[in-house]
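Here is a short briefing on a protein model. Look through the sequence and the 3D view first, then read on.

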There are 2 protein chains.
Amino acid sequence: MMKINQPYIPMRTIMTPGPVEVDPRVLRAMGTPILGQFDPAFTNIMNEVMEMLKQVFKTKNRWAFPVDGTSRAGIEAVLASLIEKGDKVLIPIYGRFGHLLTEISERYGAEIHTLECPWGEVFEPKMIIEEIKKIRPKIVAIVHGETSTGCMQPLEEIGKACRELDTLLVVDAVASLGGTNVDVDGWFLDAVIGGTQKCLSAPSGMAPITYNERVEKVILSRKKVERGIATDKDLHTFAHRSIISNYFDLSQLQDYWSERRLNHHTEATSMIYALHEGLRLILEEGLEERFTRHKLHEQALANGIEAMGLKLFGNRQSKIPTVTCVTVPDGVDADIVRQQLLQEFGIEIAGSFGPLQGKIWRIGTMGHSCRKENVLFVLAGLEAVLIRQGVNVNRGEAVQAALDVYSKYAMTV
Amino acid sequence: MMKINQPYIPMRTIMTPGPVEVDPRVLRAMGTPILGQFDPAFTNIMNEVMEMLKQVFKTKNRWAFPVDGTSRAGIEAVLASLIEKGDKVLIPIYGRFGHLLTEISERYGAEIHTLECPWGEVFEPKMIIEEIKKIRPKIVAIVHGETSTGCMQPLEEIGKACRELDTLLVVDAVASLGGTNVDVDGWFLDAVIGGTQKCLSAPSGMAPITYNERVEKVILSRKKVERGIATDKDLHTFAHRSIISNYFDLSQLQDYWSERRLNHHTEATSMIYALHEGLRLILEEGLEERFTRHKLHEQALANGIEAMGLKLFGNRQSKIPTVTCVTVPDGVDADIVRQQLLQEFGIEIAGSFGPLQGKIWRIGTMGHSCRKENVLFVLAGLEAVLIRQGVNVNRGEAVQAALDVYSKYAMTV
């Protein structure tokens, strides 16, 4: 029998766009002993999670609960529960995670329509609305904050148009929820998916979702699968009209989260503790205060990067406050810089995907990672490593520029 | 903005068949700060989890890793990755979780064939083998340990027959893995799913799975879905030949767990810490020693229940050591007894499902919950509550009978 030692966990400053550092209070909450899933003390915690999620999503929706899986589990739960074979789904793509929405929708048999714009830009809402009028899709699925490019798509106009045109708007808000405004009701979003491992300061492994009555109506109109046995033995009809996945069947998940508590999965106790504490931290700080804090640290970081002499990637008009993309200077190996940052400073930043691989670095300012010490440290560390790589940077300017931003505000973190 | 207080988490003695109490070392491991998913320190932990899982599954399979979701996520990942529309799947059902295998297989379009035997019994392997020969299914899916009835199906003969008849054997070992022998290679099991929240002494939220080359071959023979976009635009062909789920696509999950580390989801960091520590605890104790311990406490519990004058439910020949089912005496309200146990003693035991609802109690002896103090406490508490309910029990006999079992062994826990 092989023996394995306790693992060595080095201390890291995690400045990627997720997973980011977890608030110590959340870490402590996960050390709390287990409760049974139907213990009244536990169902009370589940109910409080729902209530707090509604606040963070800014919604009066009845349904707001986590799917037990990583963020894409939440995305798949929504799309799998809505899409029937042949349904038209329009997906405006402006980065990697738009492609993920496409892949999932296609797997569930959607008739896919895409719009694409260059990575680093977002869409003019008008362009999307025109396409909705032309195609008349059942669903528009779009990413709110694209971590792959650091851009954020304005949604309000699109939401209004979808409501008027009777289209369902499904939004991946994994990178934005808890760090910048996601106004579910105000923007007319029908289903929205968040992530715990980004601006909620909790570990990866849960996907908070919310959806409104328009979505629920579609889900409940689909052929019901009885627990343990399907009602329809005709395979073709079955696959066509029923929700295929059991794990992601929102009609069953909402029964589990309702007062009826119909047994589905066994809720992931410790992750619920983590989410509960992460949400408590957000409501204690205040949503608007939290958004301001994210914006402040983003400004400090972005100004620092530019003061160093580096270029930000992407249209700054469309920038998301939680991710800052930096163009890798000519002749510099992006991965070697990241390796040195990790090895010598214990700082983790990210590369990117597809067309941007090796071309940009992505630095997150999310949740608990979004603090003065981290921003100043990543600027100082990056400068040191770039100088070693022979890059001509403006020595000492970056930290100074960030401090200038901080000195304008009374915030201490 | 609503404020929510830190939740009140009462101390419980959890003697259900899961989720059970989590080992304090596992709780502490979850308090460890986060690492990035591609941090070498983290991928090293992922590799160690794979190595340890292979020991616990008793397999030389290349693939053994957790699916990020609760146990049924692991079951769905295996079935969704194997089943193509119209595939014959044979499911011998002897309790509630056989019905779950049926539901999931049917959702993915399988041609379902079932065998049923009374709840409380298991199948003569011969009966299943005869059916395999008759139906020639692509897959036999079966539960190893049925928590709903407390029974355990012997698998070795069935495994051998499946191998000879070129059928894939998929086994739900959620209730048995880590508590009693699950000999994946020795019994010729092709794909096996475990659960963290039972005998692995970790919280719910991960589903360890393993599968062999026979399974991998089928998975890789299916139409490949490119990351972000499917290769085949013909919807009907697409749905027929590709794995439908993205989240449960084992061909992508194994790429993520391979040296290539192809990005899929963001691995659930804290749950991986928990699983790593839970597996370390098992290997430190020793697999066979652990099985003996579970058997010992089962015996103490079962003898105690009988000494009290209650009847065990189910054929004792087929009993699983990790769950003990007790027939509710005539005229007793099963739920009131459970409520009183919870309220007055902080002890949680379970009811059952379907035909057994209100008819039996289910008491787990799993993982960290499987300790002398818990077994003696649940016997004492149950006796006290039953006396209050007017049941004529043999006062004091239960604890004595359990102590008699313990006194034969030198074990201190």
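Chain A holds an open sheet of 7 strands with mixed pairing. The strand order is β2-β10-β9-β8-β5-β3-β4. This is a predicted model: local features need pLDDT of at least 70, side-chain atom pairs count only at pLDDT 80 or more, and totals for chains, interfaces and linings use all residues. Residues are numbered from 1 along each chain as its sequence is written, chains are lettered from A and ligands numbered from 1 in the order in which they are written, and side-chain values use heavy atoms, leaving out hydrogens and water.

**The sheet in chain A**

- The edge strands are β2 (63-67) and β4 (111-116) of chain A, and each pairs on one side only.
- From one strand to the next, the twist averages 20°.
- Strands and helices here are DSSP runs, numbered from the N terminus: a strand is E with at least two residues, a helix is H or I with at least four.
- Two strands pair if DSSP finds at least two bridges between them.
- Strand β3 (residues 88-93) of chain A pairs with β4(A) in the parallel sense, over 6 bridges.
- Which residue of β4(A) is the bridge partner of A:Ile91? The partner is A:Thr114.

**The sheet in chain B**

- Chain B has an open sheet of 7 strands in the order β2-β10-β9-β8-β5-β3-β4, with mixed pairing.
- In chain B the edge strands are β2 (63-67) and β4 (111-116), each pairing on one side only.
- The twist averages 20° from one strand to the next.
- Strand β3 (residues 88-93) of chain B runs parallel to β4(B), and 6 bridges join them.
- B:Lys88 stands opposite B:Glu111 in β4(B).
- Helix α5 (residues 125-135) of chain B lies across β3, β4 and β5 (139-143) of chain B, at about 160° to β3(B).
- Such angles run from 0 to 180 degrees between N-to-C directions, and the axes are lines fitted to C-alpha atoms, for helices over the stretch in contact.

**Where the chains meet**

- The contact (heavy atoms within 4.5 Å) takes 94 residues from chain A and 94 residues from chain B.
- Chain A and chain B bury about 7,700 Å² between them, with 63% of it on carbon and sulfur atoms.
- Buried area is the accessible area (1.4 Å probe) that two parts lose on being put together, summed over both.
- Between chain A and chain B, 28 residue pairs are in polar contact, both residues at pLDDT 80 or more.
- A polar contact is a pair of N or O atoms within 3.5 Å; within protein, one must be able to donate a hydrogen and the other to accept it, and residues adjacent in sequence count only if both atoms are side-chain atoms.
- Elements of chain A that each supply at least two residues to the side touching chain B include α2 (40-57), α4 (96-107) and α10 (269-285).

**Salt bridges**

- A salt bridge is a side-chain nitrogen of Lys or Arg within 4 Å of a carboxyl oxygen of Asp or Glu.
- The structure holds 52 salt bridges over all chains.
- Across the interface of chain A and chain B there are 4 salt bridges.
- B:Asp39 and A:Arg12 meet in a salt bridge through their side chains (2.6 Å, N to O).
- A:Arg222 forms a salt bridge with A:Glu84, and their closest N and O atoms are 3.6 Å apart.
- A:Arg222 lies in the loop between α7 (213-221) and β11 of chain A and A:Glu84 in the loop between α3 and β3 of chain A, so the pair ties together parts 138 residues apart in sequence.

**Backbone details**

- The peptide bond from A:Gly18 to A:Pro19 is cis, with omega near 0°.
- A:Pro19 sits in the loop between β1 (13-14) and α1 of chain A.
- The peptide bond from B:Gly18 to B:Pro19 is cis, with omega near 0°.
- A:Lys58, a residue other than glycine, has a positive phi near 50°.
- A:Lys58 is in the loop between α2 and β2 of chain A.
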